[in-house]
Amino acid sequence: MHPLQCVLRAQRCLQRGPLASVSWLLLRTCRAHSSIPSSACPSPERPQEDGVGKDFSSRLATGPTFQDFLRSALVPPEKPSSSEMEDPPPYLTADELLGRQRRVYLETYGCQMNVNDTEIAWSILEKSGYLRTNSLQEADVILLVTCSIREKAEQTIWNRLHQLKSLKSKRLRSRVPLRIGILGCMAERLKEEILNREKMVDILAGPDAYRDLPRLLAVAESGQQAANVLLSLDETYADVMPVQTSPSATSAFVSIMRGCDNMCSYCIVPFTRGRERSRPIASILEEVRKLSEQGLKEVTLLGQNVNSFRDNSEVQFNSAVSTNLSRGFSTNYKAKQGGLRFAHLLDQVSRIDPEMRIRFTSPHPKDFPDEVLQLIHERDNICKQIHLPAQSGSSRVLEAMRRGYSREAYVKLIQHIRECIPGVSLSSDFIAGFCGETEEDHLQTVSLLREVQYNIGFLFAYSMRQKTRAYHRLKDDIPEEVKLRRLEELITVFREEATKANKSFVGCTQLVLVEGPSKRSATDLCGRNDGNLKVIFPDVEVEDVTDSGLRVRAQPGDYVLVKITSASSQTLKGHVLRKTTLKDSTAYC
Ligand code: SF4
């Protein structure tokens, strides 16, 4: 991209969104486009055995003139596309944008969105001629896909960078020096702090900048640090099909939307992943069809607020009637209108392959209108499993968190879901020790755990993040030891109740999708039931009702019926009855 286009694009974004990062991006971009070395960067004159650095510097010196800038300013800047990537910026040759068989090692931290982002980043790099390696030692490029949700998550990355230091030093004088990049939320949140604090980091790419990876790596080849942390209003990577890396995988994640507009007061996500935007339905359906053709048996639709999906990509979609929020729930933003909603997508996706299970995560409780619940109930291949992040059982704390619901509204929703989808499996997220949480508030959360009896839970102690509303307006006043004690108490209660909930499966027959050998025992297999609980059972020959009653051993990707004989807070155990299909055989009690 031309330098001035960078500036114009950044200005456009500034007008559209709360992007504190932009001016910094401009600074970095202009450094990359000018011959002025960044104080944070190694000198451009740094010796490079292959001479790339020298070429690069001289090209910068004789680079585009002010007239060039003016000429290109007449051309309205467009969203980058693959064809644009083939047309290199003036300070790089087409060859330098190519990976030239450099080996990339990708390491993922954090949530499932990051796992999916890793595959998007890899898909982009693979098209540019990079190779992937699973060996840190043979990597030419190491990319860490990072998480910022809690302080501990970021500390893990700082520690990892320290470990990588010696690898980088060993390769300093090699023909192909090792390049290290930070991708994702931490790059977005900390920006130059990473480059200044860790000179060993060569590139930064925020969650909306993965298309720019080949350019960033090409700039890094010269010894310059390079960064793109622009957030986008429309980037969904709709046309980038993530690469399915494990041929034996039975399931895949399909990203359907990115970002979040909710602005819960404790959450960094709206600042690291930007505004909410949905991927066009047609491209999602195409990806799911491809995964079905590859023989995958389970797809999880992914998004920060997956059930807030709203495809406005075509004008005619905007006449669609908007769906209602769950009763008693509100939003922190102005009501949105039109577009194809989550129920429509779920309907279309579940029709592609009746043998393919459909899950989705992570939803917000406000977006569970009856049509979504009805569809989950009706379709055999949409899993009867709902993640319903509560965060707290106290209405007072929920208000401080700006969650848009009270405890009462949440409990009513749970009752309604259980009426609409009998036997539904429920999971949730909870935060212990949020700002101002009293013992009474904490006990309200304990009582919610007892009342609902979730099957699966994700519980954390509160970790205040800069930039969030809580950081600016509330006080992180719960001592660390109190947070941890409350967390322990929540975990204990969750486990007791989950054990009770899971024991209700004992004596039932569950339809299980086989994943592979159990990690704990070579003689057992492991899979998941419809409710996403892990099920362990002996790896023995069983009747295959799909193939004239032959006796076979179950393989990853097979559906089997398992009679449950015991249960804990996390696992079900049982014996396998037979191999079957999803369509022909539903679970029963
Ligand atoms: S809904 Fe709230 S908690 Fe979830 S990503 Fe958005 S702001 Fe964060």
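How many helices and strands are there in the chain? The chain holds 19 helices and 23 strands. Helices (H or I, at least four residues) and strands (E, at least two) are DSSP runs, numbered from the N terminus. The model is predicted, so local features need pLDDT of at least 70 and side-chain atom pairs count only at pLDDT 80 or more, while totals for chains, interfaces and linings use all residues. Residues are numbered from 1 along each chain as its sequence is written, and side-chain values use heavy atoms, with hydrogens and water left out.

Of the 589 residues of the chain, 56% count as buried. Buried means under 20% relative accessible area, exposed over 50%, and partly exposed in between (1.4 Å probe, protein chains only). Contact means heavy atoms within 4.5 Å. Among contacts between residues at least 6 apart in sequence, 74% join residues at least 24 apart.

Six strands form an open sheet with parallel pairing, in the order S2-S1-S3-S4-S5-S6. Strand S2 (131-132) and strand S6 (226-228) stand at the edges; each has a single partner strand, so one side of each is left without a neighbour in the sheet. Two strands pair if DSSP finds at least two bridges between them. Strand S5 (residues 203-205) and S6 pair in the parallel sense over three bridges. Leu204 stands opposite Ala227 in S6.

Thr272 lies in helix H11 (residues 269-273). Thr272 counts as buried, at 1% relative accessibility. Its contacts beyond four places in sequence are Ser148, Cys185, Glu188, Arg189, Pro207 and Leu231. Arg189 is 83 residues from Thr272 along the chain, yet their C-alpha atoms are separated by 5.8 Å.

The ligand is surrounded by Cys260, Asn262, Met263, Cys264, Tyr266, Cys267, Val269, Pro270, Asn305, His364 and Arg403. A residue is near a molecule if one of its heavy atoms lies within 4 Å of it. By class, this shell has seven nonpolar, three polar and one charged residues. Ala, Val, Leu, Ile, Met, Phe, Trp, Tyr, Cys and Pro count as nonpolar, Asp, Glu, Lys and Arg as charged, and the others, Gly among them, as polar.

Helix H16 (residues 407-420) has 14 residues. From first C-alpha to last, H16 reaches 20 Å, close to the 20 Å expected at 1.5 Å a residue. The expected span is 1.5 Å times one less than the number of residues. Buried residues of H16 include Tyr410, Leu413, Ile414 and Ile417. The buried residues of H16 pack against helix H14 (370-378), strand S14 (385-387), helix H15 (395-401), S15 and H17. Leu426, in strand S15, counts as buried at 1% relative accessibility. Leu426 is in contact with Ile414, Ile417 and Arg418, among others.

Helix H19 (residues 480-503) has 24 residues and reaches 34 Å, close to the 34 Å expected. Its buried residues include Val482, Arg486, Leu490, Val493 and Phe494. What covers the buried residues of H19 includes strand S15 (425-432), helix H17 (439-452), strand S16 (456-461), strand S22 (559-567) and strand S23 (571-580). Arg486 lies in H19 and counts as buried at 5% relative accessibility. The side chain of Arg486 makes a polar contact with the side chain of Glu439 (2.7 Å). A polar contact is a pair of N or O atoms within 3.5 Å; within protein, one must be able to donate a hydrogen and the other to accept it, and residues adjacent in sequence count only if both atoms are side-chain atoms.
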